[in-house]
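Subject: Structure handover

Hello,

Here is the structure we spoke of handing over. Please have it open while you read the notes that follow.

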2 protein chains.
Amino acid sequence: VSRIDPRDVVAKKRDGRRLDEDEIRSVVLAHARGDVPDHLASAFLMAAFIRGLDSPETVALTRAMVESGITLPLEGISRPKVDKHSTGGVADGVTLVFAPLAASLGLAVAKLSGRGLGHTGGTLDKLESIPGFRTDLTAERMERQVEEVGCAVAAQTDDLVPADGALYALRDATATVPSVPLIAASVMSKKLAVGTDLILLDVKAGSGAFMKTVEDASDLAGACAELALGWGRRALVAVTDMSQPLGEAVGNALDVTEAVEVLRGERQGRMAELALEFAAAALRDLLDVSHGEARARAERAISSGDALDLFRRMIEAQGGDPAVVEAPEKVLPSAPVVVPIPAPEAGYLAAVEAEEIGQAAVGLGAGRARKGDHIDPATGIVFRAKIGDRLDRGEAIGEVHARSEDDPRVAIDRVLAAVRVSDREVDPPPLVYGWRDAQA
Amino acid sequence: VSRIDPRDVVAKKRDGRRLDEDEIRSVVLAHARGDVPDHLASAFLMAAFIRGLDSPETVALTRAMVESGITLPLEGISRPKVDKHSTGGVADGVTLVFAPLAASLGLAVAKLSGRGLGHTGGTLDKLESIPGFRTDLTAERMERQVEEVGCAVAAQTDDLVPADGALYALRDATATVPSVPLIAASVMSKKLAVGTDLILLDVKAGSGAFMKTVEDASDLAGACAELALGWGRRALVAVTDMSQPLGEAVGNALDVTEAVEVLRGERQGRMAELALEFAAAALRDLLDVSHGEARARAERAISSGDALDLFRRMIEAQGGDPAVVEAPEKVLPSAPVVVPIPAPEAGYLAAVEAEEIGQAAVGLGAGRARKGDHIDPATGIVFRAKIGDRLDRGEAIGEVHARSEDDPRVAIDRVLAAVRVSDREVDPPPLVYGWRDAQA
């Protein structure tokens, strides 16, 4: 039993002093166990928010969070293990492509994922639009599947880093969410609880991301990289663009269709490009090949059909209908009402409020306004225009996929209110703003 | 219904921005009503602690606290009304003397008091050691007694500033107690809820006080004076010495005996002096007489027996045995074991850990370690030595009044460990460090 009074720890942080590992545990781990009440944990969070946590404090916080639950060592997997995680964006189906692509290149991808909330979609929800697909794998079954197939995507259970769920709910309720060290600890705790050789983290920046500016995203990326380093783990952290939807599909079945098209090599663009870049980064890092060679292998895995075949095998292993990779339109649920979105005026697409596009999809039933909400896998938005594209007035820049006749009007209005068209040419934003590399 | 989201208010203070009155009400008053949960109120308290509250914010906080409950306008009282409050110390029986003394000078004293906690005694507990004395007066009865007799001391009920009780408990649990604006709001809310013409506030400074330094006490005094000014009320705030017990008695019946002796004019010293100074200050301020004249009237009220007679009448009005003013030793409970405290060495008394003396009395049953604890009215400590006094080794510097034979040893050890004797002469500390005057 700790002799540290958690109130003294809170007072110390309140006064701007550094906390050691035992002190942080006496608040955070004790809170997860129910020994520290919410009101004291809230006071700690506010003090940590205002006074900040330095790198060793953030490592200690994350360790205490990880210690609050089970971990997934994945020791039975023989191939180099990589985890890939995005901080959340709109039309971000990269994981659906990355997991089979990296696995087809000889890496092991054991991906634990959460459900979507608000304007950001969830990988689990997307995969579950495939009839029969199960994400409730036990740790043993997941590990076996990764060893045999090369990849698995499973639901993160409540006993993995339970402190994160408890603290996040409290932060949301106490205005202590937007703190870089607290976000870094939350994001990384769930990655560090899983035994992988490399963590690939995609920190999104822009109108559809939690971090609205590249500067804020870079701060978070740096904190996450430092955290991995302080823990003794290897992480590569990219800051990537979320000033517009990354891919085209904002939904669930729609995202699976897009991922299948990318894996078939039928669809280029920013989403495909980012998936290839992440796969190449993982390959270069874990197999010690050059970036050029890694990138070429990743492209070949697409053109050869190896990556698509891997996706088929993963879907089959998790109970889903593998025919989805040949004819997604026949296997996946589709919405009864599909209405084109017309370009509001002629000119160049200059800006997109990506979060609004995500919220329009939530309005169609494709996402959750609140935790636990039911989602409609068939609905959503396809938004094809990219910043810099030349548009003609009335040209279809996407479609709304809706359950009822009345829904598309609201969604189209919302999408059109979220785009800005300029009569001057506009440069597309970069796809990747930069990488942070933390070497253990 | 307020449209303000209390989380936005907390976020604003978190970021160091000023809050307006409606924003503060949306947290504080809503918390008192149960509409804001403890964890959000805790986050607010920590943000307010670290970022501070300026004078208008502190007024707004106090207003919200006062609005959480009933107030006592005392409009039926015809004489000038004065309230006197101490922030708490050891052997601080000034209120027992001040109330009848000021009343005998033509002022009205309607004093609501709380119970003692920890090393500081409570006026209610002291008065209740008088057999029959009742402090549970209704507002109507209290007002009538003040109008007829001149003074009353009654228990502060839970419906007066309930927000203070709720917030104080939360502050104690979340390391947010020692904040000047939060303390000022807590202290002053209970004074501002009562309709008086003058608030006399005694902010104690030193080893037996909450504020250990004169500087901290002055900050609090200034904040309390500003708060009264911002509210439009008149307050005189003194910073007085608590580097040693003020009077001699640290207990309950022992304090009443000491007060009776002061009111009889049989006992001089720092406690009597402070009571006279407060009475003179009230008289000067409310009746517009000079300090010299006010002081002379106060001294005459003692020597004439008027003040003692007023005390007798107040005790009688509240059901207590009035014979206590003639023969306290016959009326009040007394402890079966009385053991002298010997001076530990020869020399000059140089320093006293006054809080330790208070805690030694708590150990004898004279005070409460926890809220709701039972107290023993007969026990306590009499500590006669004052800083600067010349002591002989073994000379009795006081007595322990105990319930059992075993108790005095522990108490004496604790008292002796709390005193420091020097072989060089020591100057006594000032009694009053200064006054803060806030003119509405």
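This is a predicted model: local features need pLDDT of at least 70, side-chain atom pairs count only at pLDDT 80 or more; totals for chains, interfaces and linings use all residues.

Asp288(B) is not a glycine, yet its phi is positive, at about 55°. Is this residue buried or exposed? With a relative accessibility of 71%, Asp288(B) counts as exposed, because the cut-off for that class is over 50%.

Leu74(B) also has a positive phi, near 55°, and is a residue other than glycine. Its loop lies between helix H4 (55–67) and strand S1 (81–86) of chain B. The relative accessible area of Leu74(B) is 0%, so the residue is buried, the limit being under 20%.

A sheet in chain B

The other item is an open sheet of three strands in chain B, in the order S10-S8-S12 and with antiparallel pairing. Which strands form its edges? They are strand S10 (390–391) and strand S12 (419–422), each of which pairs on one side only.

Strand S8 (residues 347–352) of chain B is joined to S12(B) by four bridges, in the antiparallel sense. Within this part of the sheet, Ala351(B) is placed opposite Arg420(B), a residue of S12(B). As a general point, the strands of a sheet pair through backbone hydrogen bonds, in either a parallel or an antiparallel way.

Regards

Key:
Residues are numbered from 1 along each chain as its sequence is written. Chains are lettered from A and ligands numbered from 1 in the order in which they are written. Side-chain values use heavy atoms; hydrogens and water are left out. Helices (H or I, at least four residues) and strands (E, at least two) are DSSP runs, numbered from the N terminus. Buried means under 20% relative accessible area, exposed over 50%, partly exposed in between (1.4 Å probe, protein chains only). Two strands pair if DSSP finds at least two bridges between them.
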